[in-house]
Amino acid sequence: MRYLCVFGNPIAHSLSPLLHNAILQSYKLPYLYGRFMLDSGENLGTTFDKLDLCGANITLPFKEHAYLVAHSLSPLAKRIGAVNTLVRTTSGKICGYNTDAPGFIASLLLSGFRLGSAKGLEESLQSEEMSKLAPLLEQSSGEHIESALILGAGGSAKALACALQECGTPVIVANRSSKHEAFFTQRQIPYCLFDELDSSARFDLIINATSSSIAQALPLPESSLRPLLTHSKLAYDLMYGTLTPFAHISKECGTAYKDGADMLILQALSALRLFCPQLDDTPRIYTIMRSVFTQGRRA
């Protein structure tokens, strides 16, 4: 038996074991996927080794720790500076990947939105992580996302900002502090503080990549958030499984809303194909994962 898991804190809510084990059991593969709550990201590498894992997914707040744990990085993970998937290679080394970025882009395409330019999208499909999802994807003829605002600047925000930039969609990142500003400015992604945001600005896509929804709070003061959402085509919260305050206000503003469920499923699919390269029926895996997720959400 080979072992996989997801690391995070908190982690009890994670549906990743449900998604992964459904596929592993369906294909009768000798793997078991669990969850592990870390007290500190400093222990990620040693815990990975002690559990004798062949791979792991990483969620909040340890994606930047995972970047440092990896012995080697995929080109996409290196550009993003954050890792959400660790795979032990046949040589025993740990390779870091980022499946958040392709999972996010794929979730928008499958929802009927167009992103950036055809050339930019085609280039983004070349990454190893995105290639695992390619059989599901095609450029949509739906509404065009021509600008985006990301609230938050952690590991997930880095992945989403780089993904949008690579597709050719202009993106701005706003955060409560300047802690991560250097990362974005080095990549020529505009960055500002929350109190510097112009609430009259228009963004087609507004993404809540902060941890505010976990605490059932808003990422910005309501007086600033409402005008931004009113002029947006889509509000996207990385949280899933509950109606968050961000979702509630988006709906009050008449703005289309999407939670992180599809991104979770799609990044999990990409990660599982990295863990188990023999799995190559992407459409079937996606169908099973969506069904299992829906059932798990109702439970």
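Which helices each supply at least two residues of the lining of the largest cavity? I looked this up first, working on a predicted model in which local features need pLDDT of at least 70, side-chain atom pairs count only at pLDDT 80 or more, and totals for chains, interfaces and linings use all residues. Residues are numbered from 1 along each chain as its sequence is written, and side-chain values use heavy atoms, with hydrogens and water left out.

**Entry 1, cavity.** I noted that the helices in question are H5 (100-110) and H8 (155-167), helices being DSSP runs of H or I with at least four residues and strands runs of E with at least two, numbered from the N terminus. H5 gives the most to this lining, with 3 residues. For a cavity I took a set of points, on a 1 Å grid over the protein atoms alone, where a 1.4 Å probe fits but cannot get out, with lining residues having an atom within 4 Å of a point. I found 1 cavity of 30 Å³ or more, and about 50 Å³ of space lies in the largest cavity, where a volume is the space filled by probe spheres set on points joined across faces, edges and corners. Among the lining residues I listed Leu 76, Ile 105, Met 130 and Glu 166.

I recorded 9 salt bridges in the whole structure, each a side-chain nitrogen of Lys or Arg within 4 Å of a carboxyl oxygen of Asp or Glu. Glu 166 pairs with Arg 79 at 2.7 Å, N to O, and this pair links distant parts of the chain, helix H8 and helix H4 (residues 75-80), 87 residues apart. Glu 166 is partly exposed at 25% relative accessibility, as I read the classes: buried under 20% relative accessible area, exposed over 50%, partly exposed in between (1.4 Å probe, protein chains only). Arg 79 is partly exposed, at 37%. I then turned to Lys 258 and Asp 262, whose side chains meet at 2.6 Å, N to O; Lys 258 is buried at 12%, and Asp 262 is buried at 15%. Salt bridges that share partners join Glu 222, Arg 226 and Glu 252 into one network.

I checked Met 1, which lies before strand S1 (2-8) and counts as exposed at 63% relative accessibility.

Key:
1 Å grid on protein atoms, 1.4 Å probe; cavity = no way out; pocket = protein on both sides within 12 Å on 5 of 7 lines; lining within 4 Å.
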